[in-house]
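This report walks through one protein model, from the whole chain down to a few single residues. Please keep the sequence and the 3D view beside the text while reading.

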Amino acid sequence: MPIVLIVIVGWLYVALMMALAEATHANGTVIGAVFTFVLYGAGPVALVAYIMTTPARKRAMRAKEQAEQAKPLDAPDGGGETAADAVPPVRKEP
């Protein structure tokens with residue numbers, strides 16, 4: 001994973017330099033530089049990082065489900081039934 005982080009940092013650096021060049025150019029604007037950074041840098045990096053972490057998220061969800069299924073049945077609320085009333089209903093005295 002460290003090599004991927006180096007690539008991501010490098011990509012963002014190049015996009016930042018592109019945005020800086022556009023902002024300081026005679027015909028460039030700051031809003032154009034912001035759009036350049038977002039559309040060439042942050043957007044694609046976020047999309048690629050999301051796609052690349054999908055298998056890890058699926059493994060984590062699967063492990064969580066297996067841990068929930070492996071709960072012992074004698075544990076509190078392990079049976080999946082609702083709890084009984086804590087206070088019994090009050091009866092009128094004759």
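## The chain as a whole

Of the 94 residues in the protein chain, 9% are buried, where buried means under 20% relative accessible area, exposed means over 50%, and partly exposed lies in between (1.4 Å probe, protein chains only). The protein chain exposes about 8,300 Å², of which carbon and sulfur atoms supply 69%; such accessible areas come from the Shrake-Rupley method with a 1.4 Å probe, and for residues only the protein chains shown count as cover.

This is a predicted model, in which local features need pLDDT of at least 70 and side-chain atom pairs count only at pLDDT 80 or more, while totals for chains, interfaces and linings use all residues. Residues are numbered from 1 along each chain as its sequence is written, and side-chain values use heavy atoms, with hydrogens and water left out.

## Confidence and helices

The mean pLDDT of the protein chain is 84, and 81% of its residues reach 70 or more; pLDDT is the predictor's confidence in each residue, on a scale from 0 to 100. The protein chain has three helices and zero strands, both being DSSP runs numbered from the N terminus (helices: H or I, at least four residues; strands: E, at least two).

Contacts are heavy atoms within 4.5 Å. Among the contacts in the protein chain with a separation of 6 or more, 39% are between residues 24 or more positions apart.

## A nonpolar patch

Y13, V14, L16, M17, M18, L20 and Y40 make a nonpolar surface patch of about 690 Å², and helix α1 (residues 2-24) gives the most to this patch, with six residues. Patches are made of residues with over 30% relative accessible area and no salt bridge, with nonpolar side chains (Val, Leu, Ile, Met, Phe, Trp, Tyr) joined within 5 Å and like charges within 9 Å; a salt bridge is a side-chain nitrogen of Lys or Arg within 4 Å of a carboxyl oxygen of Asp or Glu.

L20, which is found in helix α1, counts as partly exposed because its relative accessibility is 48%. V34 lies in helix α2 and is also partly exposed, with a relative accessible area of 44%. V34 and L20 are 14 residues apart in sequence and 9.1 Å apart in space, C-alpha to C-alpha.

## A buried threonine

T36 is found in helix α2 and counts as buried, because its relative accessibility is 9%. Leaving aside neighbours within four places in sequence, T36 is in contact with M18, A19, E22 and G41.
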